Amino acid sequence: MRTILTPNSDGEEPGDFEAAQVLPEIFISNRAYTNDERVALFCDQMIRNCSAEDAGEAISSYITEQLAHKRSLIAVWKPHPNVLFVNCDIGDMSLPGVLVNVNFIPCEGKTPPLLVSVSVAEPFSCNTATLSREFFEEVLREHDYSVPILDVYPIKGLGTDVDNIAESLEHVRFFYDFLWRDWDDEEECDEYAGLIEKRIQLYYDIQDGIIPGPIIERYYKTLVAYQSKRLELTMFQTNIRGEALPSEAVECWKKYYEMLMLCGILKFWEDLRLRSHGPFCPRIYKRRKGRRTSGKTVTHIVAQMMTKDMIKSFSEDVLMRQHDNLSAALDSCYSGDTVVVFPGDYHTAALASLTDDITIKGEGVRKDVQIHSAPSYDHFVASKASQLMLMNLTLVQHGTCGGIVVVESGQTTLENCLLKCEGTGVCVLTGASLVMKNCEISGAQGAGVELCPGSYAELHHNEIHHCSNQLAKDTKGSQGGINLKVLPLPQLKLSNNYIHDNNGYGLTILVPDNLYKASNEDLEKKANGNKNETDHLSKALQELSLEITTNRLESNTKGAIGLQHKM
């Protein structure tokens, strides 16, 4: 057991030891990084295209690059208490730190944690009076004077080079504190940088108060329980000597499955981004390619056979590439490209993860350009592109349980498209926008168009009919042609649309039941034909950013426009 200095019987400090100086101030960056800046740093600069399994090596490479022009500095070493105190009760002692000289030693390979060589600096400086120079020297000798680089904190005022190194170490600590999960390297993820991008957004949603506090609290409690259970399992396995007894094996499996259950809950919450939007939540992990480095754009021709007549309408300076299937064309796209689909039947799953600003348009009559969904995916078309345009296409949904078109972020424009739904219809998530012109939607099990809180949509000259079919026997919960979820209020502009033969209202406004809550007396009056509900509807329409002009809402089972209270 290592010796900790304690007062003598008279309450005085022991006399024969070197008094520690006050620790100098460490460097702490005062820069506030935005979501986009952190995405660029972690996803584009650090992680890039590596897998979760290789993320540690990528982070180590980043640190090594930052240390290229600096071989030594002075820092405060803050080891984990378990490193210093073995079989010792530390009580309420604050986390210790000691001033050290740091030398960056070459590492064999780049596998984390990167180690640096340290020695106690002069003058001896420590934040804990009961820990002596000899105590730290003993600890460092046991570790061959090598410690993880993330345990050292460069002090302030050593120059720009050292400040840059200190800030780089802050970035890496942020990664392991907020973005890395213990289970990451145990699972396969083809788009790990995209997953990190989602976690960065989750971090800022928590910081900005977008996610309700009670949900955050539950999440962190579960995370702490998971970490505790994982540590408990590790310690239990370490203490098993030789071959495990049957009772030890059973206990080990029990702890493992408890940990696995907590891990599953955490992953589920993260997939839903801790929100409560029902089945509609961001699920695209693929990252944007952006524009080509050359700045050029390409027109991708999708057709099984090509003739000269098919491309005679294109100008001579257009760069073209021919594909015999739609998936190959979409995989080859960069922002700014156009995909021209010639008549035929096409099957693709690539529409479920659109991230770049492209235009996909059918050639000829829209009913002759049919694209069928892949049943193995939740959504048919899902986009987080800043500007996506679909034109002159027929989308035929088969088996996908989610939306036929889901706008996760950015703006999606649908023009002259026929949407034959089998699952749910078009959904616009919070902060995203939809522009739909001259389109037809039919057959959706839920609403034909669903607007989540805080979304935006413009619908002009469309036909929406025979939707909300799944709820045909549930007239109380039928969602109708268009469904608006308020709080915060979505924005909707409607002109010259024909909304008919839907189960429910033509336009349903879904409000919390405490927003326009009627008393028992009001309900009795309503049953007798009182205009109370009409007044509530009028108030809701006034508060919504809703522009309705020259629309036809006919033959919908519950009427043209109505309120539906959220239970």
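Axes are lines fitted to C-alpha atoms, for helices over the stretch in contact, and angles run from 0 to 180 degrees between N-to-C directions. With that convention, the axes of α5 and helix α6 (residues 192-207) come within 11 Å and cross at roughly 80°. Angles under 35 degrees count as roughly parallel, over 145 as roughly antiparallel, 65 to 115 as roughly perpendicular and the rest as oblique, and α5 and α6 are therefore roughly perpendicular to each other. From α5, the residues F174, F175, F178 and L179 meet Y192, I196, R199, I200 and Y203 of α6, where contact means heavy atoms within 4.5 Å. This contact of α5 with α6 divides into 8 nonpolar, no polar and 1 charged residues; Ala, Val, Leu, Ile, Met, Phe, Trp, Tyr, Cys and Pro count as nonpolar, Asp, Glu, Lys and Arg as charged, and the others, Gly among them, as polar.

The structure is a predicted model, in which local features need pLDDT of at least 70 and side-chain atom pairs count only at pLDDT 80 or more, while totals for chains, interfaces and linings use all residues. Residues are numbered from 1 along each chain as its sequence is written, and side-chain values use heavy atoms, with hydrogens and water left out.

Of its 567 residues, 47% count as buried, that is, under 20% relative accessible area, against over 50% for exposed and in between for partly exposed (1.4 Å probe, protein chains only). The accessible surface comes to about 29,000 Å², and 50% of it belongs to carbon and sulfur atoms; these areas come from the Shrake-Rupley method with a 1.4 Å probe, and for residues only the protein chains shown count as cover. Among contacts in the chain with a separation of 6 or more, 65% are accounted for by residues 24 or more positions apart.

Helix α5 (residues 160-179) has a further helical partner in α2 (residues 55-66): their axes come within 9 Å and cross at roughly 170°. That makes α2 roughly antiparallel to α5. On the α2 side the contact is made by G56, I59, Y62, I63 and Q66, and on the α5 side by I165, S168, L169, H171, V172, F175 and Y176. By class, these residues are 8 nonpolar, 4 polar and no charged.

Next comes the antiparallel sheet. Five strands form an open sheet in the order β4-β3-β2-β1-β5, with antiparallel pairing; two strands pair if DSSP finds at least two bridges between them. Its edge strands are β4 and β5 (152-154), each pairing on one side only, and the twist averages 50° from one strand to the next. Strands β1 and β2 are joined over 6 bridges, one of which pairs S72 with N103. Between β2 and β3 there are 4 bridges, and V100 has V120 of β3 as its bridge partner. At the β5 side, β1 and β5 pair over 3 bridges, including that of A75 with P154.

Two helices meet this sheet. Helix α4 lies across β1, β2, β3 and β4, running at about 150° to β3, whereas α5 touches β1 and β5, its direction making about 140° with that of β5. Within α4 (residues 133-142), R133, F135, F136, E137, V139 and L140 are buried. Their cover includes β1 (72-77), α3 (81-84), β2 (98-103), β3 (115-120) and β4 (146-148). Just after α4, D144 takes a positive phi of about 55°.

A second open sheet is built from 8 strands with parallel pairing, in the order β9-β11-β14-β17-β20-β23-β26-β29. Here the edge strands, each pairing on one side only, are β9 (344-347) and β29 (552-554). The twist averages 10° from one strand to the next. Within this sheet, 3 bridges join β17 (residues 418-420) to β20 (residues 440-442), and K420 stands opposite S442 in β20.

Finally, A303 is found in the loop between β6 (299-302) and β7 (320-323). At 4% relative accessibility, A303 counts as buried. Leaving aside residues up to four places away in sequence, A303 touches M310, Q322, H323, D324, F342 and Y346. The C-alpha atoms of A303 and F342 are separated by 5.6 Å, although the two residues are 39 residues apart along the chain.
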